[in-house]
Amino acid sequence: MSLIKLYVENPDKYTAYQMARPDYSKAVDNVLEFAKDFVDSQERKNVVVTDFCCGPGETSRRFADKIGGLHRAILIDKNPRFLNMAKNARIKASSVLTFCEDTLKVAVKKEADIVFAIFAYHHLSDDKKASFIHKLQGAIKENGILVVAEIYLPKAEIAKYYTYLYNSISESDKSSGLKEFLDETAQSSTEEFKVTKDFADRQFLAGHFKMVREEKIWPLDNSLGNDAGTYVQVFVSTKI
Ligand SMILES: C[S@@+](CC[C@H](N)C(=O)[O-])C[C@H]1O[C@@H](n2cnc3c(N)ncnc32)[C@H](O)[C@@H]1O
């Protein structure tokens, strides 16, 4: 099975489904915390965020709220329904720019203090991942950071991950349609291209990114092995 129906049929249910997941909800909390730590440590003002594969824009919206507003939010997603939700998300920013485009084709300026790639990298097929990393490089201004949230798995462990994930969600959070969404996500061969952490780490390094912070998010019992699961990582560019 390939299609993840929710992305076209029910995008309004996306955030509720994702927030029921212990991997996704904790990862986004960490993303926001790591990004805020960066802003605070550098005493950055007029913060510009570029959010690749932004979905409904919730990460940028929550981050803007957390730091009291952004100078600019630049949101990119190829799904017009998601991007419309992002446009209407009332992101606290002096300006919000939206690009309904393929992330590899979008023309972005090198202006972001913080680039978000939140569960984005695995949406690019393996042959396009290096170009995606190159695109991320092109969006970060000097001394900015890239924050990545990602699920790293060997292909053979994907079904196990999603079964374990569904079983970890409390009964009260198992709303109708959630299982179907997770099953379709696990089985998709046209929208999901997960790779191992080792593969990704090497690719980000080859793309001139140095990892400066990392946290494993889920599962923490190592049932899938040390290097498999959801991670949040912060990178700086070594190119500038
Ligand atoms: C798992 S969602 C993540 C959304 C959001 N970052 C979040 O954390 O909720 C992946 C998003 O990537 C978008 N996407 C996938 N491939 C894309 C591409 N080539 N160009 C632009 N957006 C893409 C999808 O439309 C979807 O909104």
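How many bridges join β1 to strand β2, and in which sense do the two strands run? Strand β1 (residues 48-52) and strand β2 (residues 70-76) are joined by 5 bridges and run parallel. Strands are DSSP runs of E with at least two residues, helices are DSSP runs of H or I with at least four, and both are numbered from the N terminus. Two strands are said to pair if DSSP finds at least two bridges between them.

The model is predicted, so local features need pLDDT of at least 70 and side-chain atom pairs count only at pLDDT 80 or more, whereas totals for chains, interfaces and linings use all residues. Residues are numbered from 1 along each chain as its sequence is written.

Burial is judged by counting other C-beta atoms, placed from the backbone, within 10 Å of a residue's own: 20 or more make it buried, 12 or fewer exposed, and a count in between partly exposed. Because 5 of the 5 residues of β1 are buried, the strand is largely enclosed by the rest of the structure. Both of its faces are covered, with V48, T50 and F52 on one side and V49 and D51 on the other.

Helix α4 (residues 58-67) forms a right-handed β-α-β unit together with β1 and β2. The buried residues of α4 are E58, T59, S60, R61, F63 and A64. They pack against several elements, among them α2 (14-19), α3 (22-42) and β3 (93-99); contact requires C-beta atoms, placed from the backbone, within 7 Å. Just after the helix, G68 takes a positive phi of about 80°.

The interior may be considered next. In soluble globular proteins, nonpolar side chains tend to be buried together. A nonpolar core is a set of buried Ala, Val, Leu, Ile, Met, Phe, Trp, Tyr and Cys residues joined through C-beta atoms within 7 Å. The largest such core has 68 residues, and those with the most contacts inside it include V49, I114 and V147. Strand β5 (residues 140-152) contributes the largest share of this core, 8 residues. I114 lies in strand β4 and counts as buried because it has 28 C-beta neighbours inside 10 Å. Apart from neighbours within four places in sequence, I114 is in contact with A35, F38, V47, V49, G144, I145 and V147. On the same terms, the contacts of V147 include V31, F34 and V234.

Most residues other than glycine have a negative phi, and most peptide bonds are trans. E43, in the loop between α3 and β1, has a positive phi of about 50° although it is not a glycine. F119, in the loop between β4 and α6 (129-137), likewise has a positive phi of about 50°. E43 counts as exposed because it has 6 C-beta neighbours inside 10 Å, whereas F119 counts as buried because it has 21. A cis peptide bond, with omega of about -10°, joins W218 and P219. P219 lies in the loop between β6 (209-218) and β7 (229-237).

Definitions and conventions
Right-handed = clockwise from strand over helix to strand, strands pointing away. Contact = placed C-beta atoms within 7 Å.
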